[in-house]
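Here are my notes for someone opening this one up for the first time. Have a look at the model, then read on.

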Amino acid sequence: MQSMKKVSIVVTSYIQSRFQCHMTMSCLANVTRYTDPKDYELILMSDSEKHPVRDDYHVLKIDKYIKTEGMGYTKSMNEGAKLATGDILCFLQNDVFVWRDWLTDLRWYLDNKAADCVIPDQVPRSFEEVEKLRNLSMLNATKYGSRDAGCLMITKEAFDKTGGWNEDLSLLCDKDFYERMAKAGVSQIDTCRTMISHICAATNLDRLDNKPEEYAQMMDKDAKLLNK
């Protein structure tokens, strides 16, 4: 029987408040609780953190906890990818909550050559929608996915072809990365077979509340770079 390829999960965080710290710990707790530890390694890239991630009960699976200062979101993901030992990379934001079978279902598409990159469904859905969609076949589920930057899984080989994340960008880096994949010939699909809960832009919502000028400057900078 062919052995399953290991996934390197790269979680990025920018913890400036206890709220963000608790959200990060909840994100990691869900990964630990709902994922077979043999299937993955977890790399936590924590940039400029003001509150450390705690594991008082010694239950969180964090294989590498890398603390940096001023590295930024996209460079943190690239550095995490360099530390990865798996054949598959999964980039996961710290405001994403996964559920049972999420990793194996996403990996199915890569293992079966359906795509080089797969993005799970990340929009809010009602109970009725979930009941309807969760019974779809693996391939039919690709007709109803939705796209965002909170989580994506990609083969290491395909990631290397893209050249990685654009380190000049931050808020709009996902749009650029999808374009990089297309230019590199990396096939990509969405699927609702895996549904995650994404508290979209949780870090940036905090920035909007406390540093709105900084947020506006970042958005303007990214937009200008993308429009060149």
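The points below go from the whole chain down to single residues.

1. A word on ground rules. This is a predicted model, so to speak of local features a pLDDT of at least 70 is needed, side-chain atom pairs count only at pLDDT 80 or more, and totals for chains, interfaces and linings use all residues. Residues are numbered from 1 along each chain as its sequence is written, and side-chain values use heavy atoms, with hydrogens and water left out.

2. Overall build. The chain has 8 helices and 9 strands; these are DSSP runs numbered from the N terminus, helices being H or I of at least four residues and strands E of at least two. Its radius of gyration is 17 Å, which agrees with the value near 17 Å for a compact globule of 228 residues. That radius is taken over C-alpha atoms, and the globule rule is 2.2 Å times the number of residues to the power 0.38. Along the principal axes, the C-alpha atoms fill a box of roughly 50 × 50 × 40 Å.

3. Inside and contacts. Buried residues are 49% of the 228, where buried means under 20% relative accessible area, exposed over 50% and partly exposed in between (1.4 Å probe, protein chains only). Of the contacts (heavy atoms within 4.5 Å) with a separation of 6 or more, 77% are between residues 24 or more positions apart.

4. The cores. A nonpolar core here is a set of buried Ala, Val, Leu, Ile, Met, Phe, Trp, Tyr and Cys residues joined through side-chain atoms within 4.5 Å. The largest has 36 residues, and V7, I9, V31, L42, L92, W102 and M153 touch the most other members. Elements giving two or more residues to this core include β1 (7-13), α1 (18-34) and α3 (102-111). Apart from it lies another core of 21 residues, among them I43, L89, I119 and L152. In soluble globular proteins, nonpolar side chains tend to be buried together.

5. Keep an eye on α3. This helix is largely enclosed by the rest of the structure, because 7 of its 10 residues are buried. Among those buried are W102, D105 and R107. Leaving out residues up to four places away in sequence, W102 touches I9, V31, Y34, T35, C90, C151 and T194. Just after α3, K113 takes a positive phi of about 60°.

6. Lastly, E131. This residue lies in helix α4 (residues 127-133) and counts as partly exposed, at 29% relative accessibility. The C-alpha atoms of E131 and G150 are separated by 23 Å, with the two residues 19 apart along the chain.
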